Structure formats: C-alpha cells, structure tokens
Amino acid sequence: QVQLVESGGGLVQPGGSLRLSCVASGSIFSIGAMNWYRQAAGKQRELVATITRGINPIYADSVKGRFTISRDNAKNTGYLQMNSLKPEDTAVYYCNALTRATMTSPYINYWGQGTQVTVSS
C-alpha cells in the first residue's frame with residue numbers, strides 16, 4: 001500500500017503564497033505521474049496541475065502563471081508552489097500519484113487525504 005501525505009496548507013491573505021508538499025511512502029518502485037487536484041465547498045473536484053518526468057507540466061487555466069508544479073523523484077515528493085493567491089483558490093487540495101511497486105507491476109492510482117487552503121483577508 002502507498003500513502004500520500006500532503007502538507008503546507010493554511011490561511012493566507014490574497015496575493016500571498018503557499019507551497020504544498022506531497023510525500024509518497026510505502027511500496028514504491030517509481031512514480032509515473034503526480035497531480036494536484038482541488039475541491040472547493042459545494043463544487044466538484046478539479047485538476048489543478050499535472051507533471052511527469054518527460055513532458056512539460058500542464059495547468060488549469062485558472063492557475064496558469066501563478067502556480068508551479070514540481071517533483072523530486074529521489075525523495076518521492078511532489079510540490080505545488082502557489083503565488084498570487086486569490087479567494088477563489090480556497091479549497092481542499094489533494095495530491096494524486098500513479099505509482100508501481102516493482103519494475104513489472106502496473107501503475108496504480110493513489111490519493112492523499114487533502115490539505116485545506118484558505119485565502120481570505
């Protein structure tokens with residue numbers, strides 16, 4: 001079993017910054033893709049950003065130019081740097097990753113428990 005643990009959320013004023021971290025642990029041989037989703041109260045979950053080893057990161061239009069997704073493969077850790085935060089960014093942010101336990105195992109999707117980000121003055 002793989003566990004993803006998010007951290008770095010909290011309360012920030014509009015225009016401020018936060019950096020979210022996602023640490024993956026357990027039976028991990030490699031991580032094929034790492035993603036960040038968010039879900040605001042009363043709304044459906046949406047994809048914020050995604051990154052793989054070999055292609056450029058992709059962002060939702062609403063965060064493009066403000067957020068940066070990155071990863072440290074040696075540490076099995078993903079990051080989401082959030083700048084110029086807006087009240088509409090308020091949501092629970094979830095880490096998602098595709099991992100495999102061995103060289104010959106299939107990739108399996110895992111989710112973290114989420115971390116709250118609140119942008120308010």
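Predicted model: local features only at pLDDT ≥ 70, side-chain atom pairs only at ≥ 80, totals over all residues.
Residues are numbered from 1 along each chain as its sequence is written, and side-chain values rest on heavy atoms, with hydrogens and water left out.

The chain contains 0 helices and 11 strands. Helices (H or I, at least four residues) and strands (E, at least two) are DSSP runs, numbered from the N terminus. Along the sequence, the pattern reads β-β-β-β-β-β-β-β-β-β-β. The C-alpha atoms occupy a box of roughly 50 × 25 × 25 Å along the principal axes. For 121 residues, a compact globule would have a radius of gyration near 14 Å, and the value of 14 Å found for the chain agrees with this. The radius is taken over C-alpha atoms, and the globule rule is 2.2 Å times the number of residues to the power 0.38. Of the 121 residues, 40% count as buried; buried means under 20% relative accessible area, exposed means over 50%, and partly exposed lies in between (1.4 Å probe, protein chains only). Contacts, defined as heavy atoms within 4.5 Å, were also examined by their separation in sequence. Among those between residues at least 6 apart, 56% join residues at least 24 apart.

Four of the strands are arranged as a sheet. An open sheet is formed by 4 strands in the order S1-S3-S8-S7, with antiparallel pairing. Strands S1 and S7 stand at the edges with a single partner strand each, so one side of each has no neighbour in the sheet. From one strand to the next, the twist averages 15°, where axes are lines fitted to C-alpha atoms (for helices over the stretch in contact) and angles run from 0 to 180 degrees between N-to-C directions. Two strands pair if DSSP finds at least two bridges between them; the antiparallel strands S1 and S3 are joined by 6 bridges. Within this pair, Ser7 has Ser21 in S3 as its bridge partner.

The largest nonpolar core has 29 residues, of which Leu4, Trp36, Val48, Phe67, Leu80, Met82 and Tyr93 touch the most other members. Two or more residues are given to this core by each of the strands S1 (2–7), S3 (18–26), S4 (30–39), S5 (46–52), S7, S8, S9 and S11 (115–119). Such a core is a set of buried Ala, Val, Leu, Ile, Met, Phe, Trp, Tyr and Cys residues joined through side-chain atoms within 4.5 Å. Beyond its neighbours within four places in sequence, Val48 is in contact with residues including Trp36, Ile58, Phe67, Leu80 and Tyr93. Met82 lies in strand S8 and counts as buried, with 0% relative accessibility. Not counting residues up to four places away in sequence, Met82 touches Gly16, Ser17, Leu18, Leu20, Arg66, Phe67, Tyr93 and Val117. The C-alpha atoms of Met82 and Arg19 are 5.9 Å apart, although these residues are 63 residues apart in sequence.

The structure holds 3 salt bridges, a salt bridge being a side-chain nitrogen of Lys or Arg within 4 Å of a carboxyl oxygen of Asp or Glu. Arg38, Glu46, Arg66 and Asp89 are linked in a network of such bridges. Glu46 meets Arg38 at 2.8 Å, N to O. In this pair, Glu46 is partly exposed, with a relative accessible area of 32%, whereas Arg38 is buried, at 6%. Arg38 also forms a salt bridge with Asp89, the closest N and O atoms being 2.9 Å apart. This pair links distant parts of the chain, since Arg38 is in strand S4 and Asp89 is in the loop between S8 and S9, 51 residues apart. Asp89 is buried, with a relative accessible area of 1%. Arg66 forms a salt bridge with Asp89 at 2.8 Å between the closest N and O atoms. Arg66 is in the loop between strand S6 (58–59) and S7, 23 residues apart from Asp89, and both residues are buried.

Most residues other than glycine have a negative phi. Asn76, in the loop between strand S7 (67–72) and strand S8 (77–82), has a positive phi near 50°. Ser84, in the loop between S8 and strand S9 (91–100), likewise has a positive phi near 50°. Ser84 is partly exposed, with a relative accessible area of 40%.
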